[in-house]
Amino acid sequence: MSRSRVTDSYCTFSRAPGTRGERVKELHFPGGAAGRAERACRRTECATRRRVVISMEPAWRQQGRGRGRGQTRGQTPGDLLPGRSQREEDGVRVGRGGGGGRGGSAVTTLPKAEPPPSNVVSSQSRFDEIRKSNQAAAQRLVEKPCSFSSDDDDEEEEDDDDDDDVEDGRLGKRGTILQSTLTAYTNQMGGDVSDLERTRQYLNEAFQSGAITCLICIASVKRTQAVWSCVGCYCIFHIPCIQKWAKDSIFLVSSVTDEDFGKKEHPWPCPKCRYEYSPQQTPCRYYCYCGKEVDPRPRPLAPPTFLWTECLPGRNLFGLVILFLSAVCGGKLMGMIRLPTLPPFPPLLGMLLMGLILRNVPYVTDAVYIDQKWSSSLRSVALAIILTRAGLGLNPAALKRLKAVCVRVAVGPCTTEACTVAVVSHFLMGLPWIWGFILGFVLAAVSPAVVVPSMLLLQQAGFGVQKGIPTLLMAAGSFDDVLAITGFTTCLGMAFGTGSTWLSLGKGVLEVVVGIFAGAVLGVLLHLFPSDDQADLVLRRSCMLLGLSVFSVFASHSAGLGGAGGLCTLVLSFIAGLSWDSNKAPVAAVVGRFWDVFQPLLFGLIGAEITISTLNPNTVGLGMATLCVGVVVRVLVTFAVVLFAVLT
């Protein structure tokens, strides 16, 4: 028996030259016809297995794969994939073995090799595309701040469109908002935005979903999550996080400092500002930011919860809107009433009646509710606007000519009426003397909201302009208010024993000095700014004038000098109008438009302060009698003080 018949075929592994360490499988078969047949079967089986393996592996590993035979530099992966020499490609296979059974060579004719699959040929191009996309994604991750919360994906999808638009060169919604916000600053700086990059970056991060981070769990705060905010630093935390923080903080402090563990109550601090809270202040419910709604539902298209609740019946905004519309309608209706022998009724009477009705009609008064702070603030704004109109309407020539008469008209009627009302109320109504004087100064105060519009109408119609009567009454009415406020404050302090009488009198003088000085300074400021060469000059002057007037009124109340605010507003508007000369007419028209809005609110709010159910008919009758006596005495004294003036 020959060796070729008794020796089975076997295979060895070796490394072919020119390959990258690939192990090449060499087959050794017996010679003869049987050997040739066995070699052909093995070649077919190996080719089939190779195609299966290549198709199962990823594209980036398929390229460059070969058997390692005849591989040289410069060959393409397509040339190396078949892994055969040129003679093999021509259909000739060179094998080892011989006819003698000692491994002689044998030549076998093979079918022509099939072309490589399409997925193998295009693998290099696909690999390049994948590499480019991965590089672009990595660059975006480097440039864009990312959130590490596991539930950010859903909400960040909303911002993906905007980010893609920015990358493509188009501005998304966020980019449009930022550009419009910073346009005014960039125009002033000549297009230089280098100083605004940090601001732009901060706004961009604030617009992104997940920009707010809980400092306890270091996760982003989503729109739909229950949160709690600190009253000291206004930092936002998740409700579960802050509850666990408070519990752990109290436990740690108790375990270290409390000898009787758990018996004492220890505060817990805010994670950011260390503001301390008691254990009872540990948040247990989710409240809206305004603190009025519990467990608010997310409403993306609805206004903020504060405005949403205030617009409901029984809230402030709803009450103000209804009061404003009712007062406007009441004023129009009252102005339409005309009697043959009487002038038309003033619109403010209809506004007062509508406020009175809304306040005292059942069920309506519950829906039309206005907080006292809102009412007081709106009335102060209206006072600032009407005093601004008065200051712009003053005639400097007439005021200079009638300055002595102005002082007499401001002081004489006010003090006389206050004393008369005090005496009559003491004997008629049984009030103590000090409370009688308090009532007297309240009734003696002249309302600029009533006097100024009437005098401006007379001035526009040309009545009393040459004599300076409108200017005289508007200026005297403002000083009358300062005197009445001073007397009221002095008597009120004496009634409750809150201060010295001389100190209260000195405070009244201080209000006059501070009001005139502050008004003069602010008037000079309005003369210098804005300058005449600026665009939208009327709008700028109107905004600054009204802003400073409202600021003066509120600042005087905050400083405890209530009378100084009105006097300051009158002086600053008078000096500003004097410096603007003929150019003050457009500004006065703008201020008049504001008064058209605040006049219904002012008189409607005044009428809404009266509650008929709390009034005693006997007290109302005695009060009307006292008021009539005081008015008659005031008219007589006013006629006496102007009798020696240059008036007819």
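P530 sits in the loop between α22 (501–528) and α23 (537–558), and the peptide bond from F529 to P530 is cis, with omega near -5°. The model is predicted, so local features need pLDDT of at least 70 and side-chain atom pairs count only at pLDDT 80 or more, while totals for chains, interfaces and linings use all residues. Residues are numbered from 1 along each chain as its sequence is written, and side-chain values use heavy atoms, with hydrogens and water left out. Helices (H or I, at least four residues) and strands (E, at least two) are DSSP runs numbered from the N terminus.

**Backbone**

- R274 has phi near 65°, a positive value in a residue other than glycine.
- R274 lies in the loop between β9 (268–269) and β10 (276–277).

**Packing of α18 and α26**

- Helix α18 (residues 403–428) packs with helix α26 (residues 617–641) at an angle of about 150°, the axes being 8 Å apart; axes are lines fitted to C-alpha atoms, for helices over the stretch in contact, and angles run from 0 to 180 degrees between N-to-C directions.
- The two helices α18 and α26 are therefore roughly antiparallel (angles under 35 degrees count as roughly parallel, over 145 as roughly antiparallel, 65 to 115 as roughly perpendicular and the rest as oblique).
- The crossing of α18 past α26 is right-handed; a crossing is left-handed if the near helix is turned anticlockwise from the far one by less than a right angle, and right-handed if clockwise.
- Contact (heavy atoms within 4.5 Å) involves residues including R408, E417 and L428 of α18 and L622, R634 and V641 of α26.
- The residues of this contact divide into 13 nonpolar, seven polar and three charged; Ala, Val, Leu, Ile, Met, Phe, Trp, Tyr, Cys and Pro count as nonpolar, Asp, Glu, Lys and Arg as charged, and the others, Gly among them, as polar.

**Packing of α13 and α14**

- Helix α13 (residues 316–336) and helix α14 (residues 347–360) have axes 7 Å apart and pack at an angle of about 135°, which makes α13 oblique to α14.
- α13 passes α14 in a right-handed crossing.
- Among the contact residues are G330 and G331 of α13 and G350 and G355 of α14.
- The contact of α13 with α14 has 10 nonpolar, five polar and no charged residues.

**Packing of α16 and α20**

- Helix α16 (residues 372–393) and α20 cross at roughly 35°, and their axes come within 10 Å.
- The crossing of α16 and α20 is left-handed.
- The contact includes L387 and R389 of α16 and P448 and V452 of α20.
- Nine nonpolar, two polar and one charged residue make up the contact of α16 with α20.

**Cavity**

- The structure holds one cavity of 30 Å³ or more; on a 1 Å grid over the protein atoms alone, a cavity is a set of points where a 1.4 Å probe fits but cannot get out, and lining residues have an atom within 4 Å of a point.
- The largest cavity has a volume of about 40 Å³, a volume being the space filled by probe spheres set on the points, which are joined across faces, edges and corners.
- L387, V446, S447, P448, V451, V452, M474, G477 and S478 line the largest cavity.
- Elements giving two or more residues to this lining are α20 (448–461) and α21 (469–496).
- The lining residues divide into six nonpolar, three polar and no charged.

Definitions and conventions
On a 1 Å grid over the protein atoms alone, a cavity is a set of points where a 1.4 Å probe fits but cannot get out, and a pocket is an open set with protein on both sides within 12 Å along at least five of seven lines; lining residues have an atom within 4 Å of a point.
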